[in-house]
Amino acid sequence: GAIVLTIVVVVVVLVVVVPASSSGSDGSTTTTTAAPSASPTFSSNVAVLDFLSSRSPDGGAALQNPDSIQSRAFDWLSDPAFNPQLSATPDLVQRYVMAVFFFATNGTGWSASSNWMTSADSCTWFTSGTSSSVCDSDGLVQQLNLNRNNIMGTIPPELSLLSNQLTLFDVTFNRLTGILPTELGLLSKTEVFLLAGNNLNGTVPSALGQLSSLKQMYVDSNNLTGTMPTQICSLLNQSLQLLWGDCQEMNCTCCTRCCSDGSPCSQI
């Protein structure tokens, strides 16, 4: 008998997932893509600690010390009454940095501190400035202005974590002491850097010469000594316009104004 050869053709259907598309009235095609996922929310305080430690100037060493101001700031940040949802965002970092600054400078003794260390948006925390908003459209704090506010203590190096956003730092005429952290040289967006009228000591770090956006820098009426670094003087050939210092206590041949205790600053 005849041999019937049956060929079984197996058809493999490949399913290709493509972005959804729709045709417009003019025949054009519009492609819809999925929105990017939100920043992940931390599942534990340990995850938050690891996140902040990886960004801290000291690698998180101070955060491990339960008596440090950094640890106090972390405890506040971890309190759901003030920060109910923590995710890997710049807002988390800026709230931590501002909390560190508050504890480092005796925030409870400030002349004014409304909304600081509350659950309120950090853009609404007290500022000595007159600007309508201290934040940009993304809610990032650009101005930290606390002049004449009875601030005492030291400037924490964690301020450098605001390097991609802080354009103004004004703590003039307060009671700050200690040295200027070299980490402040990381504030690449800072245009106005005002420290006059405090009790800061030591020398001006050469790292501040990295402030490539700097326009105004006042370090006068302090106890700073040594020589104004050439790295900072060189900025006068770039963006820097005003540089005030105590020329009698500190060698500053490039200062645009020289100041001395009890006398008005004079232009060079």
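**View 1. The C247–C258 link is left-handed, with -75° about its S-S bond.** The two sulfur atoms of C247 and C258 sit 1.8 Å apart and form a disulfide, meaning a pair of cysteine sulfur atoms within 2.5 Å. This pair ties together distant parts of the chain, 11 residues apart: C247 is in the loop between β11 (242–245) and β12 (257–260), while C258 is in strand β12 itself. Strands (E, at least two residues) and helices (H or I, at least four) are DSSP runs, numbered from the N terminus. C247 has 23% relative accessibility, so it counts as partly exposed, whereas C258, at 16%, counts as buried. Buried is under 20% relative accessible area, exposed is over 50%, and partly exposed is in between (1.4 Å probe, protein chains only).

A quick note on the model: it's predicted, so local features need pLDDT of at least 70 and side-chain atom pairs pLDDT 80 or more, while totals for chains, interfaces and linings use all residues. Residues are numbered from 1 along each chain as its sequence is written, and side-chain values use heavy atoms, with hydrogens and water left out.

**View 2. C252 and C255 form a disulfide with their sulfurs 1.9 Å apart.** The S-S torsion here is about 95°, so this disulfide is right-handed. Both C252 and C255 are buried.

**View 3. C123 is joined to C135 by a disulfide, S to S 2.1 Å.** Its S-S torsion is about -105°, so the link is left-handed. C135, at 10% relative accessibility, counts as buried.

**View 4. Helix α3 is largely enclosed by the rest of the structure, because 13 of its 15 residues are buried.** Just past α3, N106 takes a positive phi of about 55°.
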